[in-house]
Structure formats: structure tokens, C-alpha cells
Amino acid sequence: MNQIEMLSQWVAESQNVVFFGGAGVSTESGIPDFRSQDGLYHQHYDLPPETILSHDYFMSHTQEFYRFYRDKMLCLDVKPNAAHLTLAKWEQQGKLKAVVTQNIDGLHQKAGSRKVYELHGSVYRNYCMSCGAAYPVEQIAQGEGVPHCPHCGGIIKPDVVLYQESLDGRTIQGAVEAIANADLLIVGGTSLVVYPAAGLLEYYRGNRLALINRDATSYDQRAGLVIREPIGKVMEEISSLLDA
Ligand SMILES: [Zn+2]
């Protein structure tokens with residue numbers, strides 16, 4: 001039995017699957033990993049993304065922030081891949097209890113997932129910093145310059161956790177509880193170096209931890225299964241094994 005067959009057997013035997021995913025889940029849909037230093041950002045921007053996507057920079061250079069944000073972060077026409085679709089199907093079947101994600105692109109919801117803990121927020125939620133009014137992403141995407149609230153004139157800010165900002169406590173709590181109650185935890189598309197990914201894994205109490213990532217992670221030794229292949233391909237294979 002190979003590793004993918006083993007993982008599909010684990011999935012078949014589990015009633016409480018939780019998936020924890022990182023940027024690698026979205027890159028297969030064509031969304032760039034803004035944390036990777038692939039040179040993409042340095043072609044048009046003098047500053048590293050960690051600087052532009054920081055709270056200080058948003059407050060002091062709001063217009064430049066939005067230029068970068070619209071150019072690089074708003075990938076609204078991308079589609080969910082086999083990983084998103086498979087997870088949504090497992091949730092519908094009652095097998096998967098939650099998705100915990102570091103991504104802000106809303107692709108899990110687009111695929112049909114409902115219980116999604118978005119640790120770093122979502123580009124689809126935007127709020128006026130002055131009056132709190134909520135705005136759809138189109139309000140940001142279609143405008144130019146700094147988006148302002150039509151009601152009060154305040155600056156509209158994406159509900160995305162910028163560098164220097166803290167994560168939402170209720171989201172963390174929900175993710176912790178889901179992971180603590182999981183019988184199978186599948187971790188995919190993350191090298192587990194970005195806070196708080198590695199810390200969240202500490203809450204897992206089960207004995208079936210599967211890692212799907214192209215590169216090695218510091219958790220490989222603790223995982224019962226380590227699969228070094230693209231996550232979309234792996235999830236598609238597991239899905240078809242389960243359906244067979
Ligand atoms: Zn307002």
C-alpha cells in the first residue's frame with residue numbers, strides 16, 4: 001500500500017477530519033505565494049512584501065499599499081482546485097469538520113466549504129475604519145487610489161491580518177478546538193514556519209497526522225504520513241480512491 005492509498009484509508013476510517021492548509025493550496029489555483037522570494041515582487045516594487053503588507057505601511061502609505069494590494073493580492077477570478085473541491089465534498093458528507101487556512105483568497109468558500117477558519121482574514125471582507133460599515137471586495141477592486149466609505153468618508157480596510165497585527169482571537173479559538181477534536185489532521189501546502197501554524201499543531205491529540213507538502217518540514221518526524229507531492233494531485237487521487 002502506498003502513502004496515498006494509506007491516507008485514503010485513514011480518511012475512510014475517520015469521522016472527524018480537519019484540514020490545515022497554507023499557501024501551497026492556493027498556488028495550484030494560480031495565486032502567488034507572497035511570502036516566497038520568487039523575485040516577482042521585486043520587478044515593480046522597491047520594498048519587500050513584508051514591508052508593504054504591514055500595519056505601519058498601510059497607515060503611512062495607504063495609497064501605495066492599495067496599489068500593491070490591487071495588483072498582487074486581489075486575485076478574484078481564480079478557481080478552486082481539486083484540493084478545495086475534495087475538502088468541500090468531505091464536509092458535505094459529514095466527514096470533515098473544519099478547514100483551517102492561512103490563505104485570504106476565499107477559495108475554500110468558493111468550492112463550497114462552510115466551516116473555514118481564516119487565520120489571516122479574507123480579501124472578501126472589508127470595513128470602514130471609522131464607522132465599521134462592511135463593503136464587498138468589488139468596492140476595493142473597482143476603485144482607484146484609497147477606497148473611502150461613502151457614508152462617513154473613513155478609509156476602508158481589508159479584513160486581512162497585516163504584519164504587526166494580531167490574529168483574531170475567536171478565529172484562533174475555533175481553530176484550536178477543531179484541531180484538538182480531530183481524529184485525522186491533514187496538513188497541506190505549508191512549510192509550518194509562519195506563525196501560528198506550528199503552534200496550532202501542538203493542540204492535536206490524535207495519532208493520525210498526515211503532511212502533504214513539496215518540501216520537508218520540521219514536523220515530518222512526528223507525522224504518520226509524509227507525502228511530498230502537489231496537494232491538488234494528492235487530494236484528487238484520494239478522492240477517486242474513496243469513490244471507487
Ligand atoms: Zn464609514
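Two strands are taken to pair if DSSP finds at least two bridges between them. Helices (H or I, at least four residues) and strands (E, at least two) are DSSP runs, numbered from the N terminus. The structure is a predicted model, in which local features need pLDDT of at least 70 and side-chain atom pairs count only at pLDDT 80 or more, while totals for chains, interfaces and linings use all residues. Residues are numbered from 1 along each chain as its sequence is written, and side-chain values use heavy atoms, with hydrogens and water left out.

By these rules, three strands form an open sheet in the order S5-S4-S6, with antiparallel pairing. Strand S5 (134–135) and strand S6 (156–160) are its edge strands, and each pairs on one side only. Strand S4 (residues 121–128) is joined to S5 by two bridges in the antiparallel sense. Tyr127 stands opposite Ala134 in S5.

Helix H5 (residues 62–73) lies across S4 and S6. The direction of H5 is at about 45° to S6, where axes are lines fitted to C-alpha atoms, for helices over the stretch in contact, and angles run from 0 to 180 degrees between N-to-C directions. Contact means heavy atoms within 4.5 Å. The buried residues of H5 are Thr62, Phe65, Tyr66, Phe68, Tyr69, Arg70, Lys72 and Met73. Here buried means under 20% relative accessible area, exposed means over 50%, and partly exposed lies in between (1.4 Å probe, protein chains only). These buried residues pack against helix H3 (49–52), helix H4 (55–60), S4, helix H8 (137–141) and S6.

A second open sheet has six strands in the order S3-S2-S1-S7-S8-S9, and its pairing is parallel. Strand S3 (116–118) and strand S9 (225–227) stand at the edges with a single partner strand each, so one side of each has no neighbour in the sheet. On average, neighbouring strands of this sheet are turned by 15° against each other, direction ignored. Strand S1 (residues 17–21) and strand S2 (residues 96–101) are paired in the parallel sense over five bridges. Gly21 has Thr101 in S2 as its bridge partner. Helix H1 (residues 3–13) packs on the sheet and touches strand S7 (184–188), strand S8 (209–212) and S9. The direction of H1 makes about 125° with that of S9. Helix H6 lies across S1, S2 and S7 and runs at about 145° to S2.

The domain assignment of the protein chain gives domain 1 (1–31 + 79–120 + 167–244) and domain 2 (33–74 + 126–160), with bounds that come from an automatic or database domain assignment. The C-alpha centres of domain 1 and domain 2 lie 28 Å apart. Six residues from domain 1 and five residues from domain 2 take part in the contact. Between them, domain 1 and domain 2 bury about 440 Å², 68% of it on carbon and sulfur atoms. Buried area is the accessible area (1.4 Å probe) that two parts lose on being put together, summed over both.

A salt bridge is a side-chain nitrogen of Lys or Arg within 4 Å of a carboxyl oxygen of Asp or Glu. Across the interface of domain 1 and domain 2 the rule finds zero salt bridges, whereas a search of the whole structure finds nine. Lys89 is partly exposed at 25% relative accessibility, and Asp243 is exposed, with a relative accessible area of 53%.

Asp220 and Arg228 also meet in a salt bridge through their side chains (2.6 Å, N to O). Asp220 counts as buried at 13% relative accessibility, whereas Arg228 is partly exposed at 46%. A further salt bridge joins the side chains of Lys233 and Glu237 (3.4 Å, N to O). Lys233 and Glu237 are four residues apart in helix H11, so about one helical turn separates them. Lys233 is partly exposed at 37% relative accessibility, and Glu237 is partly exposed with a relative accessible area of 30%. Glu118, Arg125 and Asp159 are linked in a network of salt bridges.
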